[in-house]
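Please examine the sequence and the structure shown below before reading the report.

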Amino acid sequence: MAYKPQYYPGTTSVAENRRKQMGHNLEKLREISDEDLTAILGHRAPGSDYPSTHPPLAEMEEPACPVRELVEPTPGAKAGDRIRYVQFVDSMYNSPSVPYVRSYYAAINFRGVDPGTLSGRQIVEARERDMELIAKDQLETSMSCPSRSHIRGATVHGHSIRLQEDGVMFDMLDRTKKDGDVIIMDKNQVAIPLDRKVSLGKPMSDEELEKRTTIYRVDNVPYRTDSETIEWVHRVFQQRTQYGFKPGVEKSQ
Amino acid sequence: MQNPTKEISESEMIQIQIVPQRILNPETSEKLLTEIYNCGNIRRVLIQGSRIPAVVGYGPGKGQKVQHHLKKTLNIGGQEVEINVTLSKLYVEVYNKETADKIKEKCENVLPFPFEYYEGVFFKKHSTVVDYAKMGPDADDLLIGMSDPKASVDNIKFIEQKKSDNNC
């Protein structure tokens, strides 16, 4: 039987959702065009070419190196794209994903990425076209809800603030808002106004968010109810304290 | 802030805190504040919430106008009041228990979601060094605890109490 990695312990729905996101077992829920994505990221004009920071690798005379021969460059690296970022903010009110899980997702499923994890936000730096692929994947699938997960480049607060009356995560710079049934962005991720309204799709209902969330919450799935996760976390902490993560030391003593 | 209708000692006054489960829309904020204003017998009202800036503060979009959909001028008791924060938490000091109960009832009627209601001590009792630096030695008791240490006292709005409204 082929080895199937299990990325996260636990028997609850939250643990299962974390495994799904880390293992890229995602459900596509909405469609966002490439042009709309480029507009909200705000790194280049929609429809324009990718600016480059060096010539394509094929045109460069690279030194003979066994590692370079062994590792296939990502499309962005091959074309010489600039390094650009996408940053997600997740509300603590049952957002589908959380910063740590987003970082695991990026590091496990993509190459050439530099994920950064903070308490309420998560940033991924990568070559521009590789980054756009990751951003689109997260925005279109069950990893995001348009009302509880937003793209924000500057003034990235809101994850721990109470929701607005319409259930949308508060944004001090008013980039994302509810327009009828759908959530729209009329500013890019650094709050520069756009010449269009980009629809991010319909928000999930509260019941759906409770099912899809990867956040343990006392009013939904409390952390303490997941005994398997608790057991593994205790094991990791105990081994780190006693043996400094040295495998084999425990057995030999 | 409203003028006292009669002389009541500070120990008889009641301070209440209202914490709605959601950040209020300007329409709901205006409705709630108007209902509270109409109760009369109110000494002070303090609003807390997330700041809504007029322009983007930093980043590549620095200086761009924000024009937040939650920022609107409120009409309270016939007076236009511009608030720079969302209404996320409310402190009210009232002259008697009946008014406090009435305000709780108004919140139940106006707010479409649950809220927390507390009675206790929420306003500063004594002047601090910062208050002394800002307002001098003879500061009005009403102004103590009404603004953040670094904020200007200009943020305080005075709303006249109509005599006919004191029917609580």
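The report that follows treats the interface between the chains and then selected elements within each chain.

## Basis of the report

The structure is a predicted model.

## The interface of chain A and chain B

In this model, 22 residues of chain A are in contact with 28 residues of chain B. The area buried between chain A and chain B is about 2,000 Å², and carbon and sulfur atoms give 54% of that area. On the side of chain A, the most area is lost to chain B by Arg162(A), Glu165(A) and Met172(A), which together account for 36% of what that side buries.

The residues of chain A that touch chain B comprise ten nonpolar, three polar and nine charged residues. Between chain A and chain B the count of salt bridges is zero.

## A helix pair in chain A

Helix α1 (residues 13–22) of chain A packs against helix α5 (residues 99–109) of chain A at an angle of about 35°, and their axes lie 8 Å apart. From α1(A), the residues Arg18(A), Gln21(A) and Met22(A) take part; they meet Val101(A), Tyr104(A), Tyr105(A), Ile108(A) and Asn109(A) in α5(A). Sorted by class, this contact has five nonpolar, two polar and one charged residues.

## A hairpin in chain A

Strand β6 (residues 182–187) of chain A and strand β7 (residues 193–201) of chain A run antiparallel and are joined by four bridges. Ile184(A) has Ser199(A) in β7(A) as its bridge partner. Five residues lie between the strands of this hairpin, in which Ala191(A) takes a positive phi near 70°.

## The sheet of chain B and its helices

Chain B contains an open sheet of four strands in the order β2-β5-β1-β6, with antiparallel pairing. At its edges stand β2 (42–48) and β6 (115–120) of chain B; each has a single partner strand, so one side of each is left without a neighbour in the sheet. On average, neighbouring strands of this sheet are turned by 15° against each other, direction ignored.

Six bridges join β2(B) to strand β5 (residues 89–94) of chain B, and the two run antiparallel. The bridge partner of Arg44(B) in β5(B) is Glu93(B). Helix α1 (residues 26–39) of chain B packs on the sheet and touches β2 and β5 of chain B, its direction making about 165° with that of β2(B). Helix α2 (residues 97–110) of chain B also packs on the sheet, touching β1 (14–20), β2, β5 and β6 of chain B, and its direction makes about 170° with that of β6(B).

How values were computed: Residues numbered from 1 in each chain as written. Chains lettered and ligands numbered in written order. Predicted model: local features only at pLDDT ≥ 70, side-chain atom pairs only at ≥ 80, totals over all residues. Heavy atoms only, no water. Contact = heavy atoms within 4.5 Å. Buried area = accessible area lost by both parts, 1.4 Å probe. Salt bridge = Lys/Arg side-chain N within 4 Å of Asp/Glu carboxyl O. Nonpolar A, V, L, I, M, F, W, Y, C, P; charged D, E, K, R; others polar. Pairing = 2+ DSSP bridges. Axes fitted to C-alpha atoms, helices over the stretch in contact; angles between N-to-C directions.
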